Amino acid sequence: MSVGVSYKQKPIKGQFDAIAIGSGMGALTAAAILAKCADKRVLVLERHYTAGGLTHSFTRLGYEWDVGVHYVGEVGPGGALHQPFTYLTDGRLTWAPLPDVYDRIHLGDRTYDLVRGRECFLATLKDAFPNEASVLDRYVALVEDCRRASGAFFMSKSLPSAMSRVVGPSLRAAYLESATRTTADVLGSLTQNRELIGVLTAQYGNFGLPPSESSFAVHAGIVGHFMEGGFFPIGGAGAIAEALAPTIEAAGGAIYVSAEVESILIEDGRACGVRMADGRELRAPIVISNAGVGNTFGKLVAPDLVPAELVDALSVLRPSTGYMCLYLGLKNTDDDLGLTGTNLWIFPDENHDENFARFRDDPEAPLPFVYASFPSAKDPTFRARHPGRATIDLLTAARYDWFEPWAGSRWKKRGADYEALKARFSERILEMALTKLPQLRGRIDVQELSTPLTTRHFTTHPHGELCGLDHTPDRFAHSLGPRTPIRGLYLTGQDVALVGVGGAFTGGALAAAAIEGPGVLRNVLWT
């Protein structure tokens, strides 16, 4: 099912209460909440030819892959996101659980499992590290404390400025104690066992920063998010946008694709609409940007209108890392290949900081990790939709500037040198994956590598970043919220909260709360 109406084929008509730039998880969430809980007509504008942002799916030669949704936590019964998604989609979106072992970690020739459920998570790791049992108890307690403190921290972002100045510091204090420390600092205070630290921090690829550079808050957020297991949208990642679209449309809103916004209109210090790439102006009293804070104030807002405090913040905050993803298609079933849906994290050893830094400085250095995801094994409908086939995603980190010489070229037409560079990276990624998946050798039918330039082409993120702003301690010390100094202009998505589907969903909820007041979330969270 294709989500969205083509801007090029059908004119936009009518009046709207708000315009959302981009159709990623943050924009769709904000639009759905405003539609269902405040009866607002929201116009969602997406420059790509399909809606969903990094939650969309794509097909090639009879195969289907998901570009940014590899697993989602807390959407099962009782999970923090189960009720919100159910309410906003009227139950149209359903989820399939991953196996109990949702992440398998390979540190060289040593293997460790992360198992669904707090007690199983702890018991399995205690079996592997019997002398570190008390350390693991303290570690999980710190993760849980940080996540409990996150609610007040993020909700403080949606408060009116005057109220936030009064009560905000007390709401944010507990979370900032963890957020302004690095992951390495916190874990180093618990244990000197480098192998254990390597296991506990192995999910760092989910946000792209090794332990010595990442905020403990994002580490705790990711670990806690998946501790009760991972889930995958039934029907593939594209099912998320398909399920939210009817909610937006039921209130009179609309989603338009191939609809590129050139700039945000600002008059008398207030956002009042957008100017499209074709010069047309669309007016609304509220503008919600899901384009990322860097794009919003570096491209969409005229330079002389960017508030000084945002100029200062953006001079400190940096974009997250880029990624390469090797998409594989095989003319075999997952059963034939022995693929169960468990994610694999493949590392040369436990020294994540050193390995990441070495590769960042030298692209010819060994890869710091390869993450293997198996969308065909995770989605129970895949077999019926694509019989006899399987798909795999292999990801690793990448710097944008390695590919920047081809930034002025067109997608799919970047030339022989670019394709040769991609081929070399593809071979290295595949060879690292084959050390743990030898059954794939000689059985790959289709393969295609995306780079940060690919991400930039489809998202307009300047450096092809997938995770928004880098999740460093500085990010939280200069915490951005959905409100901006420009009246009527709001931010949503990962930059407002945290990385991933859950983080972007939270960013969307905070944007809606900033626009309509926290009460707008009552039914979303508790009905």
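A salt bridge is a side-chain nitrogen of Lys or Arg within 4 Å of a carboxyl oxygen of Asp or Glu. By this rule the count comes to 28 salt bridges. This is a predicted model: local features need pLDDT of at least 70, side-chain atom pairs count only at pLDDT 80 or more, and totals for chains, interfaces and linings use all residues. Residues are numbered from 1 along each chain as its sequence is written, and side-chain values use heavy atoms, with hydrogens and water left out.

**Salt bridges**

- Arginine 118 and glutamate 144 form a salt bridge (2.5 Å, N to O).
- Arginine 118 lies in helix α3 (residues 118-128) and glutamate 144 in helix α4 (residues 133-156), so the pair ties together parts 26 residues apart in sequence. Helices (H or I, at least four residues) and strands (E, at least two) are DSSP runs, numbered from the N terminus.
- Glutamate 144 is partly exposed at 23% relative accessible area. Buried means under 20%, exposed over 50%, partly exposed in between (1.4 Å probe, protein chains only).
- Aspartate 470 bridges to arginine 318, with the closest N and O atoms 2.5 Å apart.
- Aspartate 470 is buried, at 5%, while arginine 318 is partly exposed, at 38%.

**Strand pairing**

- Strands β6, β10 and β7 form an open antiparallel sheet in that order. Two strands pair if DSSP finds at least two bridges between them.
- The edge strands are β6 (72-73) and β7 (95-97).
- Strand β11 (residues 254-257) has buried residues pointing both ways: Ala254 and Tyr256 one way, Ile255 and Val257 the other.
- Strand β1 (residues 5-6) runs parallel to β11, joined by two bridges.
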